[in-house]
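Keep the model open and follow along.

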Amino acid sequence: MDKKSLPPSPDFPGGGEMGALIGVYDWSATSLGPISDWPPSLMSAVSLMLPAKAQIVLFWGPEFIALYNDAYAQVIGNKHPRALGRPARENWSELWDDLEPLLQGVLSTGETVTASDRPFYIERHSYPEEVYFDISYSPVRSKAGAVAGVLCIVSETTERVLAQQALAKTQERLSHALSASGMIGTFDWYIPSDTLYSDARFATMFSLDPEKGEKGAPIADYLAGIHPDDRDRIASAVDRTIATGEKYVQEYRLLRRDGTVHWIEARGGCIYDEAGKPLRFAGAGVDITERKQAGELGQWLAAIIESSDDAIISKNLNGIITSWNRGAERLFGYRTEEVVGQPVTVLIPEDRQDEEPRILERLRRGERVDHFETVRQRKDGSLIEISLTISPVRDAQGVIAGASKIARDITDQKRAERLQQTLVHELNHRVKNTLATVQAIARQSFRSGPLDSRARETFEARLQALSRAHDLLTRENWDGTDMATVVGQVLAPYQRQRFEIGGPELRLTPRVALALTLALHELATNAAKYGALSVPTGRVAITWTVRPGDPPHLALRWQERGGPPVSPPSQKGFGSRLIERSLALELAGEVHISYEPNGVLCDISAPLPAAWKNGVEAA
């Protein structure tokens, strides 16, 4: 017979379905015996339990025989109806280790046990669950006063507990996220009592003690942290939101106690009670100081770019122009709207179109192109000489997305350089003509005899060395030359393997280069006539270094060996005097020539200009 069709039990009228089931159950097969033999305390407990809407189960006797009402039957799932009239251990075996101590405690002590959101492990739907109940386990006493059973009034709270746990996890994640950001703070202003509660981050933004923020403070304490120039505006915005219900979105400055200024963006809204009166004002604030600073910097850079006389252009990696400043308009003649979106090759003459692919390839590799001098074409077709600096531009992920180009008009500079080069060549030509005239006069002056012939040849050789030095400096636009180049040119007429040359890279001024040229020429000529270069076995070592100091000093040594035995001359000739006196004067230094038995030794010491550092001339 279906349990729903059972007639009401005469023993438990109004007991519902469970009353009918208990009424027809064969209790004589249990330790309780037939209903007619039940003690009054058991009958009373069951009669009170069955019509109740609360979830109730009664465990009776030492075996804890189970009886329960309709509300409890819904809770235990597929344990119903087999649990009815059976010892609790049989049907709650999975949680018996947890449940038995509770029941035995009530049975033995006679004291009620209560708990809220008490967790239990249960298998009521053929799978394990962790469930939660509010419980009240009370003793049911016999006529003699002994505890005969345990009346368990329960209320399942699983759904609420799980929801609270989910909410707590969400709040924990949110709290972690807010803490990690270090920039977001929350607030909740209870308007009737003028108490604003905030988290530690929001309180700190306004220079308030975080503990005070949690306990609550008047809104005036927060308004005091706002920059004086923004305070009235924000107070008015808060009043407007309360009056109209519109969203509150404001950016303003906070003046910290240490005098620093920070920017905040606050968002919120007003919550009203049932009567429509303002109740709460809640929201969050975000520190936007870095964003503001970045925006101001961006505006500043944009102003610099826009006002620059140089052409500043950006392009993507396909060579398409993406931005164009006023300097570019002035330099190339195109308006911004004419070229943005166009390939940058519109600026490149036909004979230089191969430059752009090479530049793009270097940019894709992350390389920077510095001071690349080239020619570009204006809108009117005229050509212009420019210096380009091109740098790769990366996106937020660090990937190269394009390039910025700075183009500077160097037409006048190149014109001046060409004029200077022409003048230098013309000057050199005239100097060489003057030297040729001096040479011709010398020939006429020294043609009287053999002695005069040798003197003439020596004099002409000196003029030729000086002329070659002028040629060398002219090639360098009279901007100086390298020590190694000077030495190499002087020794060019001789066999290179006869010399040992070494020293750091040094840049010489024109004056020093000319003086050293004459000195080295005299030393080489003397060595070829009388010293180490006059015999096949002779060698010459030419070395130089830079001695530290203020100023640093050039130290150059000429050392001969393997030549004929050397003895000091009875008197010094013109060449020695030229080296020791004139060279020392020109260099503002010292020159010492000694005639060692193994060969001539010449030491030259001269201060280097202030522009020199660590042996290399500063740029």
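Strand E20 (residues 553–561) and E22 run antiparallel and are joined by 7 bridges. Strands and helices here are DSSP runs, numbered from the N terminus: a helix is H or I with at least four residues, a strand is E with at least two. Two strands pair if DSSP finds at least two bridges between them. Within this pair, Gln559 stands opposite Leu601 in E22. Strand E21 (residues 590–596) also runs antiparallel to E22, again with 7 bridges. There, Val591 faces Ile604 of E22. E21 and E22 make a hairpin, with 2 residues between them. Strand E22 (residues 599–607) is mostly covered, and 7 of its 9 residues are buried. Buried means under 20% relative accessible area, exposed over 50%, and partly exposed in between, with a 1.4 Å probe and protein chains only.

A word on the source. The model is predicted: local features need pLDDT of at least 70, side-chain atom pairs count only at pLDDT 80 or more, and totals for chains, interfaces and linings use all residues. Residues are numbered from 1 along each chain as its sequence is written, and side-chain values use heavy atoms, with hydrogens and water left out.

Now the whole chain. Its secondary structure comes to 19 helices and 24 strands. Of its 619 residues, 40% count as buried. A contact means heavy atoms within 4.5 Å. Among contacts with a separation of 6 or more, 50% join residues 24 or more positions apart.

Next, a sheet. Strands of a sheet pair through backbone hydrogen bonds, either parallel or antiparallel. This one is open, with 5 strands in the order E12-E11-E15-E14-E13 and antiparallel pairing. Strand E12 (321–324) and strand E13 (369–377) are the edges, and each pairs on one side only. The twist averages 30° from one strand to the next. At one end of the order, strand E11 (residues 311–316) pairs with E12 over 3 bridges. Lys315 stands opposite Ile321 in E12. Helix H14 (residues 355–364) lies across E11, E13, E14 and strand E15 (400–409), and runs at about 155° to E13. Axes are lines fitted to C-alpha atoms, for helices over the stretch in contact, and angles run from 0 to 180 degrees between N-to-C directions.

Two residues are worth a look here. Thr389 sits in strand E14 (residues 383–394). Why does Thr389 count as buried? Its relative accessibility is 13%. Beyond residues up to four places away in sequence, Thr389 touches Arg368, Val369, Asp370, His371, Ser404, Lys405 and Ile406.

Val344 lies in the loop between helix H13 (336–339) and H14. Val344 counts as buried because its relative accessibility is 3%. Leaving aside neighbours within four places in sequence, Val344 contacts Lys315, Gly319, Ile321, Glu356 and Lys405. The C-alpha atoms of Val344 and Ile320 are separated by 5.8 Å, although the two residues are 24 apart along the chain.

Move to helix H2 (residues 40–49). Its buried residues are Ser41, Leu42, Met43, Ala45, Val46 and Met49. An α-helix has 3.6 residues a turn, so residues three or four places apart point the same way. The cover over the buried residues of H2 includes helix H1 (16–24), strand E1 (55–60), strand E2 (65–68) and strand E4 (129–141).

On a 1 Å grid over the protein atoms alone, a cavity is a set of points where a 1.4 Å probe fits but cannot get out; lining residues have an atom within 4 Å of a point. Grid points are joined across faces, edges and corners, and a volume is the space filled by probe spheres set on the points. How many cavities of 30 Å³ or more are there? The count is 4.

The largest cavity has a volume of about 190 Å³. It is lined by 16 residues, and the closest to its centre are Tyr72, Trp92, Leu95, Phe133 and Tyr137. E4 gives the largest share of this lining, 4 residues. The second largest cavity holds about 160 Å³ of space. Of its 15 lining residues, Leu196, Ile219, Val238, Tyr248 and Tyr252 are the closest to its centre. H9 gives the most to that lining, with 3 residues.

Key
1 Å grid on protein atoms, 1.4 Å probe; cavity = no way out; pocket = protein on both sides within 12 Å on 5 of 7 lines; lining within 4 Å.
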